[in-house]
Amino acid sequence: MPKLRLPILLLACSVAIVFAEPADAPRHTQAPDAILLTIFLHHDQSKTLDEINKLEDEQGLYKVFPPPGTAVVSWHVVMGIGQIVTLEVPAAKLREVNRVLEKSAWKAFRTDFYPTYDYYPVVREKLANKARLAL
């Protein structure tokens, strides 16, 4: 995919993720010293799903990720892309998150990291059709 289209894709995925949450899902409250980190785990389409699952198991991805002291805010599968995970991460734990993924996710996935923030409280007030709000 050309690099110019990536920002548009990220925006589209972010909007889809915000509105995909169930109505009764609690809104996330961020600790003062933490950041939100959105991680793209891109599927390697040269591998089958069974091959990817085997690599995840062999490398212990779900045993070590997310590392202690971090919290999963959301975890979605985006068809044709892979998985998108948003974590709450204390700033001091950023390196640890990166190292855990380098050791446990590489080979199965290609990773991208994006510092993010919850824009929903701002946009919620701007949306014209309040009946469509699920959160």
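**A nonpolar patch and its surroundings**

Guide: In this predicted model, Tyr117, Tyr119 and Val122 form a nonpolar patch on the surface, with about 340 Å² of accessible area together.

Visitor: Where is valine 122 found?

Guide: Valine 122 lies in helix H5, residues 120-126.

Visitor: Why is valine 122 called partly exposed?

Guide: Its relative accessibility is 40%. Buried means under 20% and exposed means over 50%, with partly exposed in between; valine 122, at 40%, therefore counts as partly exposed.

Visitor: What makes S2 and S3 a pair of strands?

Guide: A pair requires at least two bridges. Seven bridges join strand S2 (residues 71-78) to strand S3 (residues 82-90), so the two strands meet the definition of a pair. They run antiparallel, and the bridge partner of alanine 71 in S3 is glutamate 88.

Visitor: What do S2 and S3 form, and how many residues stand between them?

Guide: They form a hairpin with three residues between them. In the turn, glycine 80 has a positive phi of about 85°.

Visitor: How many helices and strands does the chain have?

Guide: The secondary structure comes to five helices and four strands, which follow the pattern α-β-α-α-β-β-α-β-α along the sequence.

Visitor: Where is confidence lowest, and where is it highest?

Guide: The mean pLDDT of the chain is 81. Confidence is lowest in helix H1 (residues 6-20), at a mean of 45, and highest in helix H4 (residues 94-104), at 96. Over residues 4-27, pLDDT stays under 50.

Definitions and conventions:
Residues numbered from 1 in each chain as written. Predicted model: local features only at pLDDT ≥ 70, side-chain atom pairs only at ≥ 80, totals over all residues. Heavy atoms only, no water. pLDDT = per-residue confidence, 0-100. Contact = heavy atoms within 4.5 Å. Patch = residues over 30% accessible without salt bridge, like charges linked within 9 Å, V, L, I, M, F, W, Y side chains within 5 Å. Areas by Shrake-Rupley, 256 points an atom, 1.4 Å probe, with all protein chains shown as cover. Salt bridge = Lys/Arg side-chain N within 4 Å of Asp/Glu carboxyl O. Buried < 20%, exposed > 50% of the residue type's maximum accessible area, 1.4 Å probe, protein only.
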